Amino acid sequence: MPVQVIDGAPETLLPSHLQKVDLKYLQMGCDHANKYFQGTVILSYPLTKLGNGTEFFKIVLQESENSCSRTSAINILFFGRLAEDCGKVVHQGDIMVVAGFNVAKSPSANEDDQHCCHLEVSEDAGSTIYIYTKPSTSTVTASETASMPVAPKYTYTPLNHLKGGTIVNLYGAVKFFKPPYISKGTDYCSVVTIVDQSNVKLTCTLFNGNLDALPKVYKIGDIVRFHRIKIREYNQQMQGITSIGFASLTFDGTIGAPIVPRTSTKLYTFTEEEQKTIEELRIWAASNLSVSEPTAKLSGVQPMLFFDLTCQLVGKAEVDGSSFLLKVWDGTKCPYPSWKVLVEAGDLEGDKALIHRLRNLTVDILAYDNHVQLAKSLKVGSFLRIYSLHSKRASAENQPDVSFIEFHLHGGTCYGRGIRVLPENNPDVKVLKAFMDSVTLTERQNMESVSSMELDSTFDNLSYQSYSERCQQLSVTVLTDHQYLADTALNTILNSAAPQQYRIRAKLRTFEPQKLYQSIKLYCSKCNSLQEVPDGDDFDLILRDSAATSLNPELHNKLWYDSAVWDTENQGQRKIAVHFVKHDELLQEPEDTLIMVQGGTLKEIRKLSKRFKCIIPVRATQEDLELLDLSSPFLLQGKIWHYGCKQCSNQKTIQSLSSLAAEEQPSWEPTEIAQVLGIEPLQYVFVMKFTLDDGTGSLDAYLFDYEKFFQIPASEILTSNLLQEKMEMIMSIFCPPGKKLDDLPWLECLIRSYNVRNGMEQQVCYQIFDTMVAEDVV
């Protein structure tokens with residue numbers, strides 16, 4: 001039998017001709033027909049099929065003898081019948097012996113920090129698999145396992161004792177989360193921020209190809225247990241990321257609720273001591289967290305509201321490539337007329353009779369962009385929790401005086417936006433189902449047929465009036481200084497001489513640029529010049545021109561840096577040199593290392609920037625390495641590119657960096673690097689024009705800000721879709737499209753007037769200062 005499951009100690013039934021091989025002795029090109037490798041299953045992936053229909057199964061085995069080694073784990077790839085058989089019986093924690101295998105180079109070694117090779121097994125290769133299961137695993141149920149205080153006993157680290165570079169076990173209460181979404185790769189991603197009694201928070205970014213393997217968090221206040229989560233330090237803050245063997249349990253955070261874990265695995269331990277930990281966390285979270293209230297009902301929806309909705313899906317349909325219709329109900333009626341998305345009857349999936357019966361209780365939700373794929377996969381009849389759903393007032397095109405309410409699940413994941421399918425045993429689902437069963441559709445529909453228009457009109461007028469009044473009272477900005485100043489009307493300011501400072505209260509009639517990413521500029525504080533952020537294509541051309549020049553071996557391996565050179569594949573004779581700057585004649589960890597790259601393309605440099613702290617693109621002369629032209633960034637730090645001012649910089653030699661490397665603890669901060677290289681750094685800034693109106697007059701005020709006004713760093717917004725969405729949402733609150741001036745919120749601002757000479761004429765201009773967006777808007 002190619003797959004043998006054995007109750008007993010490893011190696012007891014192995015054929016005598018097999019010889020054990022350790023990871024450090026694995027080599028490609030050698031015959032491993034009579035060799036075997038032994039390890040513990042620490043991670044397994046779902047059984048799947050390749051493009052040609054071949055069954056495929058993947059696990060990660062950890063070598064127990066070298067478990068402290070950085071590369072103590074290796075990927076095992078199963079093909080064909082072996083994949084199908086092993087996928088049914090292999091569990092995490094099993095000891096496995098793989099006999100007769102092929103060794104191949106692992107394409108994911110750099111990403112998963114595992115062995116540079118992987119093992120391929122199949123019946124064609126003559127492979128045999130021996131699986132040594134845990135005693136009695138097959139006879140213990142999940143509930144019994146959960147209640148048994150069995151070994152191993154885990155140690156849990158408080159959040160205020162975390163250290164970068166460690167793998168730990170944690171308990172915490174959920175302070176914020178994003179439902180799982182498909183990342184830019186093929187894995188699902190979930191973001192969970194947890195806190196504990198130490199009042200320290202930890203944001204965890206979790207990836208897995210199996211959606212069910214991610215934490216099943218449904219609301220703020222849930223309790224999570226993470227096993228084998230990796231801690232890293234970034235920007236002086238601890239972060240949690242998935243590591244090999246990561247596992248999680250999630251518990252309802254409600255005090256007194258049954259302690260039943262949400263998990264996709266049947267193999268886990270749970271002790272009475274841990275039960276006490278959960279109860280203590282529940283009590284602490286109830287007093288220290290803003291635990292979510294029950295989700296809003298459709299009957300309580302107001303315009304311009306972002307809310308969570310628990311509901312049942314009764315119909316769905318594709319609208320276009322970027323949006324998808326979800327028709328839902330929760331047993332209550334929205335107090336406003338709601339829009340109905342027009343789709344072909346044949347495109348609407350669901351029970352047509354039921355949809356017709358519920359027609360006065362359902363609302364149509366449009367899900368956009370990254371939510372479309374998940375929306376398509378939802379089963380009609382399932383119960384959903386939709387997070388950060390937006391209710392929006394709109395008017396009919398041919399009847400501008402007739403308004404209704406729309407429901408949108410916008411693209412992106414900021415503010416935890418997303419969709420979760422809730423299981424039937426979820427407490428909120430049980431309550432919702434009981435309420436739905438009590439709804440008498442006939443009585444509701446008869447009542448609506450008598451006076452629906454009258455009720456809708458009454459609700460609409462009252463709500464619109466209260467909404468307008470709230471907007472007129474609301475200020476979406478706050479002052480950070482000079483609160484003693486009294487408000488000044490705009491017409492008074494327009495008739496006053498400059499320079500002066502004023503406090504105003506006005507509404508944003510319009511703003512420029514409308515495409516918000518165009519508001520990002522580069523500013524030199526020395527010469528006060530502004531310039532556009534260079535295009536990445538221009539940088540790529542500069543790099544390719546530089547890559548065409550040959551390397552100079554005499555400039556490699558100096559006292560303060562080591563050099564590595566390699567040939568590019570399928571690109572002629574081009575070579576890349578990476579120079580690793582040393583500290584105390586030693587190389588640092590990659591996340592702390594400054595490297596200089598010579599001959600690399602933009603794609604290659606971007607890949608390196610994910611691994612190393614800072615990158616300086618350089619080229620070679622006959623005497624030394626030197627910076628590229630300042631049309632390109634002089635430093636790359638993650639996704640942020642740092643530029644220098646051509647006019648004000650007085651560049652020094654690369655050799656100047658050696659003085660930083662000689663410091664006791666070089667931090668490789670951009671300002672310090674710029675200083676030793678003689679570069680005047682350019683700063684990313686927001687530059688916008690606001691047209692403000694307070695009813696007495698209007699004026700144009702310029703916003704010139706680094707990160708204070710929006711509370712968003714200008715240096716990060718071009719590379720972050722989340723931050724761009726956040727800025728767009730802020731501006732849509734300030735100046736929602738299609739709204740009349742009376743319906744806009746108030747902005748409380750400080751502005752200063754100043755004189756500008758344009759040729760022979762003098763002009764008065766205005767600039768916003770010491771003002772920022774209110775926290776409840778951000």
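Reader: Below what relative accessible area does a residue count as buried?
Author: Exposed means over 50% relative accessible area, and partly exposed lies in between. This structure is a predicted model, and in it a residue is buried when its relative accessible area is under 20%.

Reader: Is Glu-274 buried or exposed, and at what relative accessibility?
Author: A residue counts as buried under 20% relative accessible area. Glu-274 falls under that limit, so it is buried, with a relative accessibility of 6%.

Reader: Which residue forms a salt bridge with Glu-274?
Author: Glu-274 lies in helix α4 (residues 272-288), and its partner lies in strand β14 (residues 223-234), 49 residues apart. The closest N and O atoms of the pair are 2.8 Å apart, and the partner is Arg-225.

Reader: Which residues are joined with Glu-748 into one network of salt bridges?
Author: Glu-748 in strand β35 (residues 747-758) is linked to a residue in strand β23 (residues 500-512), 245 residues apart. In that salt bridge, the closest N and O atoms of Glu-748 and Arg-503 are 2.6 Å apart. Glu-748 is buried at 17% relative accessibility, and Arg-503 is buried at 15%. Salt bridges with shared partners join Glu-748 to Asp-487 and Arg-503.

Reader: Why is the pair of Phe-686 and Phe-710 edge-to-face?
Author: Planes over 60 degrees apart count as edge-to-face. The ring centres of Phe-686 and Phe-710 are 5.2 Å apart, and the pair is edge-to-face because the planes stand at 65°.

Reader: Which parts of the chain does the pair of Phe-690 and Phe-709 tie together?
Author: Phe-690 and Phe-709 form an edge-to-face pair, 6.1 Å centre to centre. Phe-690 is buried at 0% relative accessibility, and Phe-709 is buried at 1%. The two residues are 19 apart in sequence, so the pair ties together strand β33 and the loop between β34 and α14.

Reader: Which residues gather with Lys-639 in a patch of positive charge?
Author: Patches are made of residues with over 30% relative accessible area and no salt bridge. Lys-639, in the loop between β31 (635-637) and β32 (640-642), is exposed with a relative accessible area of 55%. On the surface, Lys-639 gathers with Lys-603, Lys-607 and Lys-610.

Technical notes:
Residues numbered from 1 in each chain as written. Predicted model: local features only at pLDDT ≥ 70, side-chain atom pairs only at ≥ 80, totals over all residues. Heavy atoms only, no water. Patch = residues over 30% accessible without salt bridge, like charges linked within 9 Å, V, L, I, M, F, W, Y side chains within 5 Å. Areas by Shrake-Rupley, 256 points an atom, 1.4 Å probe, with all protein chains shown as cover. Salt bridge = Lys/Arg side-chain N within 4 Å of Asp/Glu carboxyl O. Lys, Arg positive; Asp, Glu negative; His and termini not counted. Charge placed at Lys NZ, Arg CZ, Asp CG, Glu CD. Helix = DSSP H or I, 4+ residues; strand = E, 2+ residues; numbered from the N terminus. Buried < 20%, exposed > 50% of the residue type's maximum accessible area, 1.4 Å probe, protein only. Phe/Tyr/Trp six-rings, centres within 6.5 Å; stacked < 30°, edge-to-face > 60°.
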